[in-house]
Amino acid sequence: MRSPKEFAPTSEIADILPNFEENRPMEIETIARITHEVNRVYCNSIGDTSQVPWEEAPQWQRDSATTGVTYLRDHPFATAEMSHQCWLDEKAAAGWVYGPTKDAEQKTHPCIVPYDQLPDHQKTKDALFHAVCRAAFVD
């Protein structure tokens, strides 16, 4: 069992959270950073330690988070299924295909499937992404 300290916000999240308290719109990249870090902490909590901090993330991964945030800003009533389809479209346009493991060099990803075929832990990541974005977009 993990200790509560392991689930505490990382310094990357803590450094950017004050923007929530200032009651002003956040930049898309700031929201993307937060969603990335929330995803990383969640992944760590389920035993996936493959996610790196935002500053170390490859540009394609940062761009993907930014695209997802922009999509939700522009489509405030989008469902998780719709966001996943946006992500699928982005991946397909970049040459990614389904593969049993995520491999950036081979451009394979196990989540390149319809939303209803995603495992529950992947749907949870989508729900967290939506929750962070919606909280950030509140005026």
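**Notes on the predicted model**

1. The structure, which is a predicted model, holds three salt bridges. In one of them the side chains of Glu-55 and Arg-33 meet, with an N to O distance of 3.0 Å. Because Glu-55 lies in the loop between H3 and H4 while Arg-33 lies in helix H3, the pair ties together parts that are 22 residues apart in sequence. Glu-55 is partly exposed, at a relative accessible area of 44%.

2. A salt bridge also joins Glu-37 to Arg-40, with the closest N and O atoms 2.6 Å apart. Both residues belong to helix H3 and are three residues apart, about one turn of the helix, and both Glu-37 and Arg-40 are buried.

3. Arg-73 forms a salt bridge with Asp-74, where the closest N and O atoms are 2.9 Å apart. Arg-73 counts as partly exposed at 42% relative accessibility, and Asp-74 counts as partly exposed at 44%.

4. The largest nonpolar core has 16 residues, of which Ile-31, Val-69, Leu-72 and Cys-133 touch the most other members; H3, H4 and H6 each supply at least two residues of this core. Apart from it lies another core, of nine residues, including Trp-87, Leu-88, Trp-96 and Ile-112.

5. The largest pocket holds about 820 Å³ of space and is lined by 34 residues, with Asn-39, Trp-87, Gln-122, Lys-125 and Asp-126 nearest its centre. Helices H3, H4, H5 and H6 each supply at least two lining residues, and the lining divides into 13 nonpolar, 15 polar and six charged residues.

Methods: Residues numbered from 1 in each chain as written. Predicted model: local features only at pLDDT ≥ 70, side-chain atom pairs only at ≥ 80, totals over all residues. Heavy atoms only, no water. 1 Å grid on protein atoms, 1.4 Å probe; cavity = no way out; pocket = protein on both sides within 12 Å on 5 of 7 lines; lining within 4 Å. Points joined across faces, edges and corners; volume = space filled by probe spheres on them. Helix = DSSP H or I, 4+ residues; strand = E, 2+ residues; numbered from the N terminus. Nonpolar A, V, L, I, M, F, W, Y, C, P; charged D, E, K, R; others polar. Core = buried A, V, L, I, M, F, W, Y, C linked by side-chain atoms within 4.5 Å. Buried < 20%, exposed > 50% of the residue type's maximum accessible area, 1.4 Å probe, protein only. Salt bridge = Lys/Arg side-chain N within 4 Å of Asp/Glu carboxyl O.
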